[in-house]
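Good morning, and thank you for making time for this presentation. I would ask you to keep the model in view while I go through its sheet and its helix packing.

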Amino acid sequence: MNFTQEQITEILQDIANKKDGFNEIMKMSLDVLMLSERKIHQNETGAYANGYRPRIVKGLGKEIALSVPRTRNGEFYPVLLSILRDEDSERNKLISSLYKKGLTTDQIGKVYEEVYGKHYSKSQVSFLMKDSREEISIWLERTLDSHYLVIYIDATFVSTRRDKSVTKEAYYSILGIKEDGTREVLSVVNHPTEGSTLWQLEFQELKKRGVKSVGLTVSDGLASIENALAKVFPGTPHQLCVVHFKRNITSIFPYKLRSQINDELKEVFKLETSTDTPLEGFNRLQIFVNNWISKYPSLKSYRNERNTYYFTYTKFPASIQRMIYSTNWIERLNRDYKRTLKMRGALPSAEAVLFLIGSVAMEKTYGCYNYKIPIFCAIEILKQKKN
């Protein structure tokens, strides 16, 4: 039958006005495109037609059953299916992205149904994220550089379900500064608790993954952490976090004195100076302690020589001291983890937590961490290490 343009327009309008009419027009158009493509393929190759096979795709709030033409030799594959395959890939990326942003599998299924008209159960959403989980797992076990200028280490605690109960478990992170001045998250692992022996195991894992030397390690004041480091990377300088130290020592004093104490501690922990040394810094700390210990005897623990590690930053160039005297950078990373996790409550397993925070770590590594920090000079820091 031959229709005029006006008749064709009228027919299409009639179909479009029906319920799901636009989906019907879409189905007809796609079926005709694939059929026309098969005819071209037959003319070029002499292949024989061999019926159709069904293919379900998403339309406007509904599923559409397409009729995909086949050939007898099976060599015909419509270009349209490649486009639809890309659509499936984009669907999986979207579902994975929503999960990484903190939505539950149930919430993702509801959002997807609202936007695309297709409902996915919790188990289906979980299955569709299988490739993403494998990707994160492989990334977390990747080979690392042989040398890092600085590594920052810290653990954050997350409510995790294990053996039918929920407890706070430790998730260890290591953030490294590469020789080109960029940063990357080197490791994210789970242990039920935090301890120097467990950190020693993680330092050994870094070695297995290719790390041969480190210019400086920065951590909080966890007991014996410097000893654990020395057993794996002997001779590596260690900096204990000054921010944690100030917070702990200030808590000893009454609120009305804290402003004065903070001012005095600024004089103890001098920054951006090239004439200071760890010994001089430790001596200033002892003067501070002696001035207050008669009123606050609990300050006696700060006479321990281990506190010299809080002044390691003075060995390094003044230009980078503010960046290495605390664990602030990795603390910010932990806050990024918490923002993603806060919508979830207790997660169903340690693997689920590692997937989420591993996703954050990978996103940061390939995102803002990929920008160079020019102030870090590999040559300067290596010289400091040799000295």
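Let me begin with a definition: two strands are said to pair if DSSP finds at least two bridges between them. Helices (H or I, at least four residues) and strands (E, at least two) are DSSP runs, numbered from the N terminus. This is a predicted model, in which local features need pLDDT of at least 70 and side-chain atom pairs count only at pLDDT 80 or more, while totals for chains, interfaces and linings use all residues. Residues are numbered from 1 along each chain as its sequence is written, and side-chain values use heavy atoms, with hydrogens and water left out.

With that in place, consider the pairing of strand β4 (residues 150-162) with strand β8 (residues 217-219), which is parallel and rests on two bridges. Here isoleucine 151 stands opposite threonine 217 of β8. In general, strands of a sheet pair through backbone hydrogen bonds, either parallel or antiparallel.

These two strands belong to an open sheet of five strands with mixed pairing, in the order β6-β5-β4-β8-β9. Its edges are β6 and β9 (238-240), each of which pairs on one side only. Direction ignored, neighbouring strands of this sheet are turned by 25° against each other on average; such angles are taken between N-to-C directions, from 0 to 180 degrees, with axes as lines fitted to C-alpha atoms, for helices over the stretch in contact.

Two helices pack on this sheet. Helix α13 touches β4, β5 and β6, and its direction makes about 25° with that of β4. Helix α14 also touches β4, β5 and β6, and its direction makes about 175° with that of β6. A contact means heavy atoms within 4.5 Å.

Buried means under 20% relative accessible area, exposed over 50%, and partly exposed in between, with a 1.4 Å probe and protein chains only. Strand β5 (residues 165-177) runs antiparallel to β6, with eight bridges joining them; alanine 170 has histidine 191 of β6 as its bridge partner. Five residues lie between the strands of this hairpin, where glycine 181 takes a positive phi near 90°.

I return to the two helices. Helix α13 (residues 328-341) and helix α14 (residues 350-366) pack with axes 9 Å apart, at an angle of about 130°. That makes α13 oblique to α14, since angles under 35 degrees count as roughly parallel, over 145 as roughly antiparallel, 65 to 115 as roughly perpendicular and the rest as oblique. Residues in this contact include Leu333 and Tyr337 of α13, and Leu356 and Val360 of α14.

Threonine 327 is buried, with a relative accessible area of 1%. Residues up to four places away in sequence aside, its contacts include Tyr152, Ile153, Val218, Ser219 and Cys241.

Finally, the protein chain as a whole has 15 helices and nine strands, and 45% of its 387 residues count as buried.
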